[in-house]
Amino acid sequence: MLALKKNLILFLFCLVSVVVQAQVIQPAAKPSLKVNYERLKRIDNLINDYVQQKKLVGAVTLVVKDGQVIQYQGYGLDDLDTKKPMAKDGIFRIASQTKAITSVGIMLLMEEGKILLSDPLYKFIPSFKKPSVLAKFNEKDSSYTTVPAKRDITIKDLLTHTSGLGYATIGSPAMQAIYAKNNITAGVGEMKNNLGDAMTRLGALPLEYQPGERWNYSLSTDVLGRVIEVVSGMDLETFFQKRIFAPLGMKDSYFNLPAEKHSRLTVIYTQDSLGKFFKLPESFNVSADFPNQKKTYFSGGGGLSSTAYDYAIFLQMLLNKGKYNGVTLLSPRTVEMMTSNQIGKLWGDGAFGLGFGITTAAKADDYASVGTFSWGGAFATAYWADPKENLIYLLMTQQLPSSAHWGEMQEKFKVAVYQALK
């Protein structure tokens with residue numbers, strides 16, 4: 001009898017340990033005692049209202065609480081012409097949501113002893129040695145003068161967007177002009193360039209700011225993608241598949257969508273001056289079909305397509321402190337570093353870790369808990385992961401540029417999620 005009791009205690013201990021260590025996302029087998037499901041229906045009301053008011057064509061929402069899916073729904077239409085409903089397993093162009101995955105890739109290599117946060121970038125891409133910083137810019141002919149940088153760029157600078165780099169397409173007018181003149185793009189939908197060549201050319205161009213002195217959203221994560229390629233000996237597509245997607249069971253995340261999944265790629269819309277939606281024209285600077293086109297330029301800053309569910313798996317791994325489905329991708333300490341402020345006051349009241357924006361106590365009007373890490377993508381997608389509540393929530397749409405209602409919709413969605421928690 002004593003032996004039986006000991007075995008039972010041991011079994012229960014092991015069972016609790018497994019649950020605590022690494023929750024695997026599951027459909028809700030039974031209602032959670034921590035959720036008011038009647039109030040949770042307000043998410044449906046909210047998103048349906050936007051669709052009915054023609055402020056939105058379609059969307060997918062997903063909410064995961066304590067490892068259980070408590071809300072997962074497609075709304076409106078995927079295709080206005082065919083009236084195809086928005087499927088909850090639709091594949092979205094996630095743009096800058098790619099950045100978090102690239103950042104995790106860098107930290108994987110760091111844990112293997114192949115990279116340090118303090119490593120100078122030129123160690124991996126030599127053209128970045130002794131960079132210069134923009135001093136004066138001539139708008140008429142895009143000529144400029146420079147001053148020497150005070151120090152070299154580090155891997156940590158890239159992870160925190162304090163490298164001094166600018167951004168093509170969405171950056172300052174001066175940096176957009178300089179990058180365009182040297183055939184440096186934002187990377188999304190890039191079909192012609194070679195990533196290695198492009199990042200080498202980028203290293204010879206001036207920085208916008210001194211490294212470490214300012215937070216500036218930039219091509220930093222595209223550069224990190226190239227660092228991964230150099231260090232791992234794999235292209236970024238192969239690295240993500242072998243080291244992150246396959247181990248975690250992310251089956252719908254790609255730079256190049258397989259032919260059998262092309263039909264699941266959601267339609268992307270834009271709006272005219274009257275607010276009417278129409279499909280993104282081919283004349284736009286980004287081809288709507290780029291995920292279905294074979295490419296070899298892998299933008300670590302914005303090139304992936306994925307589903308809400310796949311991305312939730314990635315976020316749950318981080319909430320699990322680096323573990324998921326029996327796989328340890330990162331150590332708890334590494335995840336803690338990634339999701340802690342690493343830039344001091346360089347972003348005002350905002351905080352930024354190693355790849356994520358982080359909710360701070362100073363943001364008193366933010367409904368998300370302090371410590372929530374989040375970001376979004378240019379095609380109007382967004383995610384949040386709240387360690388305090390063990391909560392994940394995603395809002396996925398497809399529009400470029402995002403509508404005037406996008407910011408408001410995100411905040412209302414956030415409120416609708418939290419007001420349903422007990």
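This is a predicted model: local features need pLDDT of at least 70, side-chain atom pairs count only at pLDDT 80 or more; totals for chains, interfaces and linings use all residues.
**Salt bridges**

Across the whole structure, 19 salt bridges are found. Three of these pairs are set out below, with the distance given between nitrogen and oxygen.

| Pair | N to O distance |
|---|---|
| D81 and K279 | 3.1 Å |
| E213 and K150 | 3.0 Å |
| R264 and D252 | 3.0 Å |

The salt bridge between D81 and K279 ties together parts of the chain that are 198 residues apart in sequence, because D81 belongs to the loop between β3 (68-79) and β4 (84-85) while K279 belongs to strand β9 (residues 277-279). D81 is exposed, at 60% relative accessibility, whereas K279 is partly exposed, at 33%.

In the salt bridge of E213 with K150, both partners come from loops: E213 from the one between α7 (195-203) and α8 (220-232), and K150 from the one between β7 (144-148) and α5 (155-159), so the contact joins parts 63 residues apart in sequence. E213 counts as partly exposed, with a relative accessibility of 44%, and K150 as exposed, with a relative accessible area of 64%.

R264 and D252 form a further salt bridge. Both residues lie in the loop between α9 (236-248) and β8 (269-271), twelve residues apart. Here D252 is buried, at 13% relative accessibility, because buried means under 20%; R264, at 21%, counts as partly exposed.

Beyond these pairs, salt bridges also link K34, K65, D66 and E389 in a network.

**Aromatic contacts**

The whole structure holds 23 aromatic pairs. In one of them, F239 and F240 have ring centres 6.5 Å apart and planes at 55 degrees, so the pair is tilted.

F352 and W375 pair edge-to-face, with 5.4 Å from centre to centre and 85 degrees between the planes. This pair links distant parts of the chain, since F352 is in strand β13 (residues 351-352) and W375 is in strand β15 (residues 373-377), 23 residues apart. F352 is buried, with a relative accessible area of 2%. F352 and W375 also belong to one aromatic cluster together with Y167, W215, Y217 and W347.

A contact between a charge and a ring is found at Y122, where K129 lies over the ring face at 5.0 Å from the ring centre.

**Cavities**

Three cavities of 30 Å³ or more are found in the whole structure. By class, the lining of the largest cavity has ten nonpolar, five polar and two charged residues.

The second largest cavity has a volume of about 40 Å³. Its lining consists of K99, S103, L158, L159, H161, T221, F352, G355 and W375. The edge-to-face partners F352 and W375 are thus among the residues that line this cavity. The elements giving two or more residues to the lining of the second largest cavity are α4 (98-111) and α5. By class, this lining has four nonpolar, four polar and one charged residues.

Conventions: Residues are numbered from 1 along each chain as its sequence is written. Side-chain values use heavy atoms; hydrogens and water are left out. A salt bridge is a side-chain nitrogen of Lys or Arg within 4 Å of a carboxyl oxygen of Asp or Glu. Helices (H or I, at least four residues) and strands (E, at least two) are DSSP runs, numbered from the N terminus. Buried means under 20% relative accessible area, exposed over 50%, partly exposed in between (1.4 Å probe, protein chains only). On a 1 Å grid over the protein atoms alone, a cavity is a set of points where a 1.4 Å probe fits but cannot get out, and a pocket is an open set with protein on both sides within 12 Å along at least five of seven lines; lining residues have an atom within 4 Å of a point. Grid points are joined across faces, edges and corners, and a volume is the space filled by probe spheres set on the points. Ala, Val, Leu, Ile, Met, Phe, Trp, Tyr, Cys and Pro count as nonpolar, Asp, Glu, Lys and Arg as charged, and the others, Gly among them, as polar. Rings of Phe, Tyr and Trp (its six-membered ring) pair if their centres lie within 6.5 Å; planes under 30 degrees apart count as stacked, over 60 as edge-to-face and the rest as tilted. A charge sits over a ring if NZ of Lys or CZ of Arg is within 6 Å of the ring centre and within 35 degrees of the ring normal.
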